[in-house]
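Here's a quick tour for anyone opening this structure for the first time. Have a look at the chain below, then read on.

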Amino acid sequence: MTRADDGSSGRSRVWGSRQRKIKAAYQFFLYTLLGSVFMLLAILLILFQTGTADLQISLTTEFSERRQIFLWIASFAAFAVKVPMVPVHIWLPEAHVEAPTAGSVILAGIPSKLGTHGFLRFSIPMFPEATLCSTPFIYTPSAIAIIYTSLTTSRQIDLKKIIAYSSVAHMNLVTIGMFSRAAAVRSPIFSYGHTGQGQNMCAGRATHQPTSNGGENIACRNKSLIQGVSKTLPSVPKTKAP
């Protein structure tokens, strides 16, 4: 093998596959775009009936049962992608794995919370009858997602994939809590907004090394090969018990 070939293979090992990064970016864009189109249709229909996009007026407007069901399905298509729910969860593991640490932190802290916040802030109070009819439908994919992604998490060896799949299970558990009218459902949403970011920051610090040009050099994300993590993480001061 020539020096040029050795250099190209070395860059592939360090920076990953460019084609895979492009695939992850396209998946994230297309899934979000498809859900947003349905949400746009719902907003236009609400605007046609109420004559305004004011949320407070929309919350007090009474929609017919058939229209509620249509609007609920349209908004569900947008929010389900962001949670994400099975089977539209494929973009999240790909995006988490290919994104740098800062991107993973943003993904864990913002987009996945937008879906649950949308259900909590818009779908449930604005379309109560449709929500009541669709509650069994929500339980089924959420329960499947919890079991499926939990089992998938247990089989992963990539540290970032473990965090990604476990976050899908966590947010689907939150979705079940919202539609069962659990009073304490807001706490898991906010708590995972912090713990998810912390997990990605710790994983990035343990498996990435900063380069001189501001990039990241991926050392290893295989959990079975990561050793001596305590040597790379910041030292914790030792305190004696009183």
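## How confident is the model?

Among the elements, helix α4 (residues 65-82) comes out with the highest mean pLDDT, 89. At the other end of the scale sits helix α1 (residues 3-15), whose mean pLDDT of 38 is the lowest. Over residues 1-17 the pLDDT is below 50, and beyond near neighbours in sequence this stretch has seven contacts in the model. Where pLDDT is low, the predicted coordinates should not be read in detail.

What about the protein chain overall? The mean pLDDT is 75, and 70% of the residues reach 70 or more.

## The overall layout

The protein chain is built from 11 helices and two strands. Reading from the N terminus, the elements go α-α-α-α-α-α-α-α-α-α-β-β-α. So much for the order; next comes how the chain packs.

There are 242 residues in the protein chain, and 38% of them count as buried. Take the contacts with a separation of 6 or more: 73% of them involve residues 24 or more positions apart.

Is helix α5 mostly covered or mostly open? Helix α5 (residues 91-98) is mostly covered, with eight of its eight residues buried. The buried residues of α5 are W91, L92, P93, E94, A95, H96, V97 and E98.

Now step back to the loop between α4 and α5, where P84 is found. P84 is joined to V83 by a cis peptide bond, with omega at about -10°. P87 also has its place in the loop between α4 and α5. A cis peptide bond links P87 to V86, and there omega is about 10°.

## Two helices side by side

Two packed helices are described by the angle between their axes and the distance between the axes. Helix α8 (residues 128-155) packs with helix α9 (residues 159-179) at an angle of about 155°, and their axes are 8 Å apart. Angles over 145 degrees count as roughly antiparallel, so that is how α8 and α9 run relative to each other.

Which residue classes make up the contact of α8 with α9? There are 13 nonpolar and 10 polar residues in the contact, and no charged ones. As for handedness, α8 passes α9 in a left-handed crossing.

Note on methods
Residues numbered from 1 in each chain as written. Predicted model: local features only at pLDDT ≥ 70, side-chain atom pairs only at ≥ 80, totals over all residues. Heavy atoms only, no water. Axes fitted to C-alpha atoms, helices over the stretch in contact; angles between N-to-C directions. Helix = DSSP H or I, 4+ residues; strand = E, 2+ residues; numbered from the N terminus. Parallel < 35°, antiparallel > 145°, perpendicular 65-115°, else oblique. Left-handed = near helix turned anticlockwise from the far one by under 90°. Nonpolar A, V, L, I, M, F, W, Y, C, P; charged D, E, K, R; others polar. pLDDT = per-residue confidence, 0-100. Contact = heavy atoms within 4.5 Å. Buried < 20%, exposed > 50% of the residue type's maximum accessible area, 1.4 Å probe, protein only.
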